[in-house]
Amino acid sequence: MIYSPKSISNAVQILQDDPDAQILSGGTDFMVEVNFGHRAPTSVLSLRAIKELCTWSQQDGVIRIGSALPYAQMETGPLAKLLPALAQAARTVGSPQIRAAGTLGGNLGTSSPAGDSLPVLYALDATIIIATATGERRMAVKDFMVGPKRNALSKGEIITAVELPASTGYQGYSKVGVRNAMVISIASACLVHNPIDRSVRLAMGTVGPTIIRASAAEKWLGEECDLASASSITPAICAEFGRRCGDESQPITDHRSTAEYRRHAVSVITSRLLERCAAS
Amino acid sequence: MSVKTRTRRDILGTSALRPDAVPKVQGKFAFSSDLWAENMLWGATLRSPHAYARIVSIDTTAAWKIDGVECVLTHEDVPGKPTYGLIASDQPVLARDFVRYMGEPVVLVAGDHPETCRRALAAIKVEYEVLEPLVDPEKSIDLSVPPIHPDGNLIRRQQIIRGDQSLIGEVVVEGNYELGMQDQAFLGTEAALALPDPGGTGVELYVATQWLHEDRGQIAACLNLPEDKVRLVLGGVGGAFGAREDISLQVHSCLLALRTSRPVKMQYSRQESFFGHVHRHPARIWMRHHATKDGRLLRVEARVVMDGGAYASTSSAVLINAVTHVQGPYKCEHATVDGYAVRTNNPPCGAMRGFGVVQACFAHEGQMDKLALACGISPVDIRLINAMETGDRLITGQTILNSAPVAQCIRETAEIPMPPNMTNDTDVLAIPGGSGLTATPSKIRRGIGWGVSIKNLMYSEGFDDFSTARCTVEDGRVSLKFATSEVGQGFVTLAPQIARTVLGLDEVFIETIDTGIGSAGSTSASRQTWMSGGAVNGACKLVATNIIAEVAKMRGLDPSTLQIQGTDIVDLSGNAVESVVAATKGKRFSETYEFHHQPTGELDENGQGDCHTAFAFVAHRAVVDVDPDLGLVKVVQIATAQDVGRVLNPLSLLGQVEGGIAQGLGLAVMEEIIVENGRVRNPSFTDYLLPTALDAPDVIARYVEVPDPYAPLGAKGVGEPPCISVTPAIVAAIRDATGVDLLRVPVRPQDICL
Ligand SMILES: Cc1cc2nc3c(=O)[nH]c(=O)nc-3n(C[C@H](O)[C@H](O)[C@H](O)COP(=O)(O)OP(=O)(O)OC[C@H]3O[C@@H](n4cnc5c(N)ncnc54)[C@H](O)[C@@H]3O)c2cc1C
């Protein structure tokens, strides 16, 4: 059975009536699993007809992105101006075909430590909005992802949106892969500078079971520099910051790379992101 | 009447378009995976999950019970020869007592739907006694492990002993080189449709392959049918690169079709494809070069170890190519070479574009750079000083009779302008790290590297790989018949170009490519332009002679005074007697021609003998940008001058050059099948990385045209050379940029920065 509801309430109801229905957004993870025989859905709930999920809006400095908005719409245009790091992360996802279909809801649904949007959501302390049978619940992204490909979503729930603060200072994303495009990350990082609350937040992808916030490095940086502006960040501080971020990573060795390289690479890109912040 | 001087379209030397170009771009070309027949079943293969195991039992009862399953077959159901293979028949059609590599076929099913087949495979119970796999090639050489196959663990050893065995050069350089396992990664996975004859007396197979006749022989033997009862028709081929030389699903699909008396289609997924064909041999090569202090190469010592995996495939020929090419395109009098192709429980390896020479070239070019450094000369000069010429002897004692413009290839490559330097406004997508935005432009370093290679063309060691073609002219139209596999290389473009040029007729048709005519040999070894081109040329020339004879007879002229020029038959003073179209109105001429290359010989135990047919040469210069801190690379430009003999189709040629360079780049920096203890870890395009458009460099190509006296059209094969020396050139450029002595490909980021 294929369901294609037009409203969130309808969609939630369908999941009540047919608990085996599997949620399909852009299908770029879903269909790969079907093709590999890792998933054999008997019924599918498609989100594409729910207009509300395919839009974004901005109110009082909070940006709300529908869970089924494709990456292509984050890469350029007004949303990219408000959230440059998200735009950069979106640009690194797959190929144009994948970016025309793939969504944040799907990236969160899969919860891979290599998911490219996730470090951005972590660095921005995003809130995940979830529709449930009884209404809605809100959750910090750091509580959402609980392990590699595991999250806090319960059966019958649908991610409807992600809420993020608009940028107030430098933000950037960087991803290491062996190929110059269309590659799964080996290490990635997002850095967000907020001059108002004098903070730099840094989240790392693919170097642990979940996305990792480099909290200790962030704290150290806050003590070293006055982050009301980026002007006091020196090259030496950038290098030390990168080293400390690397220390907080928990990478593994697999067929894509080694733990040693991942730790090294994440140090290099976090230090470079801070250099870019200082130069901004 | 004077001869019309209009320029003719699509003759030799022009960029005639592929006849299938437009349908391919529009998605209308029927690849083998698009084959379909009324009432057809789907076939599927159960493969070994283990690298090495003894089969204790196979229970297919549950699979038979599934609705829609028509047939389940094991080794017991193979009616003919239980094994097949290109050189040695050592690979079971279906495993019987042992499985020797991960992915080895064990059971076949046919069902009404791919999903039915999937369920049937899941229902089959195979009990294995898992054994410790042999994965270290050295253990196959020292015979320290019991044979994993009745034919033994050593597939072939070949030495080359020439000249002074104790000679020590004034300058000696040494290195240990290693190459990972590359996949051909053609885009059209294995696919075939088998149609049984009524009563099971024969079978027709539509299949994507490189050599119809060789397949037919192997299939017929396994099916226990006479060869003429097995008819093969070429299905649309989506690339080959050597991976379609060995049998994959050919015998399987025929077995299922004959057993069920229904058409059976088989098609591999990408994942299955990684297990369904042979790969490029991983190799470990030690070399020691001896030279005078001014850089003249005197002696090469080498030890070459190639891991053939579980079955022999073409390993013995790949090894011969490797050991006979260790000197590279350089003069060298003395040699001590020891080469081994061994059997292990790793995935079987066989033919891939470059066929053993890729491995040798990566090592000898690394050595030439070491030599240049040791002698204080530039990489270009060391190669020029030693460049081989026509008349030089190889370390096998064979004299190079072909054109050998090695120095010219190097000089012309050196003349190609360098790419502009990177600036702060260079597109971020064009610097290392690309869309990942990892690079800080000020930290990028640029390097330049060189690679030059020699490649044998056609088959070696006494093999007569002839090709057959028939040319028929009727009413001013030409039809050509041959069994030459078109795998994307462009013979379907070239053959009509030859016919138009020779016959002066514009309308040329290609008949179905099948086994309804003699063999064309394999579309491999850069050989079809030379071999099948020679056959088509020969057949067309015979027909041209007949047409002229006919015109001469009708007009009472001496045929030796007539020839075809443009679209006319002209006399000695160049005056048109009659157009060829007019001369063939209402008439039919048909001739078949077999083209054979000059014979070759065997190698003796010292590796001496005239074993190769012909040679082609090429030079590559790579410019790369490297992010030394992250070990990420962007190949900026490849400059190349290739010895092609004669350019027959500039567009086709550029396609081969650019494609080969992309494939060589893949081996240099990203393409590798990762095998751990016999298990393939990355059988998908998610993790087996091929270069994308953002990874591909600018290619600036020049062609050195010295027509080869032995080539029927003056043209050499151009398919393999582009991918051979580009790999060492890129690695040399990375070494130049970073100072890191990289001796293994693909170069991984951690090899550069850790
Ligand atoms: C060729 C290719 C390249 C890729 N490259 C990248 C890359 O570079 N970086 C990267 O991060 N990813 C990449 N991916 C993975 C994929 O594109 C992303 O994870 C994408 O964000 C998934 O989104 P989707 O809408 O397609 O999800 P779907 O495939 O539709 O769904 C994925 C999972 O999430 C669940 N789900 C989807 N939406 C919701 C929702 N609203 N509420 C609850 N559950 C939901 C689904 O049930 C499913 O389990 C690639 C995939 C492919 C095929």
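# Notebook: ligand shell, domains and chain contacts

**Entry 1, the ligand.** I began with the ligand and found 29 residues surrounding it, the closest being Gly26(A), Gly94(A), Gly105(A), Gly106(A) and Gly109(A). My cut-off for near was a C-beta atom, placed from the backbone, within 6 Å of the molecule. I was working on a predicted model, where local features need pLDDT of at least 70, side-chain atom pairs count only at pLDDT 80 or more, and totals for chains, interfaces and linings use all residues. Residues are numbered from 1 along each chain as its sequence is written, while chains are lettered from A and ligands numbered from 1 in the order in which they are written.

Which elements of chain A each supply at least two residues of the shell? I noted strand E2 (22-24), helix H2 (30-35), helix H7 (104-110) and E10. H7(A) gives the largest share, five residues. Helices here are DSSP runs of H or I with at least four residues, strands are runs of E with at least two, and both are numbered from the N terminus.

I then sorted the shell by class and got eleven nonpolar, 16 polar and two charged residues. For that sorting, Ala, Val, Leu, Ile, Met, Phe, Trp, Tyr, Cys and Pro count as nonpolar, Asp, Glu, Lys and Arg as charged, and the others, Gly among them, as polar.

**Entry 2, strands of chain A.** E10(A) turned up again when I looked at strand pairing (at least two bridges found by DSSP between two strands). E5(A) pairs with E10 (residues 158-165) in the antiparallel sense over five bridges, and Arg64(A) stands opposite Glu163(A) there. E5 (residues 62-66) also pairs with E4 (residues 56-59) of chain A, antiparallel over four bridges. In that pair I found Gln58(A) opposite Ile63(A). The E4(A)-E5(A) hairpin has two residues between its strands, and Asp60(A) takes a positive phi near 50° in the hairpin.

The domain assignment (automatic or from a database) gives chain A domain 1 (2-165) and domain 2 (171-279). The contact takes 21 residues from domain 1 of chain A and 23 from domain 2 of chain A; I called two residues in contact if their C-beta atoms, placed from the backbone, lie within 7 Å. On the domain 1 side, helix H5 (84-92), helix H8 (118-123) and strand E8 (145-147) of chain A each supply at least two residues. That side divides into 13 nonpolar, six polar and two charged residues.

H11(A) (residues 235-248) has 14 residues and reaches 20 Å from its first C-alpha to its last, close to the 20 Å expected at 1.5 Å a residue. The expected span is 1.5 Å times one less than the number of residues. Its buried residues are Cys238(A), Phe241(A), Gly242(A), Arg244(A), Cys245(A), Gly246(A) and Glu248(A). Buried stands for 20 or more other C-beta atoms within 10 Å of the residue's own, exposed for 12 or fewer, and partly exposed for values in between, with C-beta atoms placed from the backbone. Their cover includes strand E13 (199-205), strand E14 (212-213), helix H10 (215-224) and helix H12 (259-279) of chain A.

The assignment gives chain B domain 1 (21-29 + 465-595), domain 2 (32-132 + 196-237 + 244-275) and domain 3 (283-460 + 602-753). I put the C-alpha centres of domains 1 and 3 of chain B at 36 Å apart. Here 17 residues of domain 1 of chain B are in contact with 18 of domain 3 of chain B. H13(B) gives the most to the domain 1 side, with six residues.

I found 25 residues of chain B in contact with 27 of chain A. Helix H18 (residues 749-753) of chain B supplies the largest share of the chain B side, three residues.

Most residues other than glycine have a negative phi, and most peptide bonds are trans. The bond from Val745(B) to Pro746(B) is cis, with omega near -5°, and Pro746(B) sits in the loop between strand E31 (744-745) and H18 of chain B. Is Phe241(B) buried or exposed? Phe241(B), with a positive phi of about 60°, is buried, with 28 other C-beta atoms within 10 Å. Glu461(B) has a phi near 55° and is partly exposed, with 17 such atoms within 10 Å.
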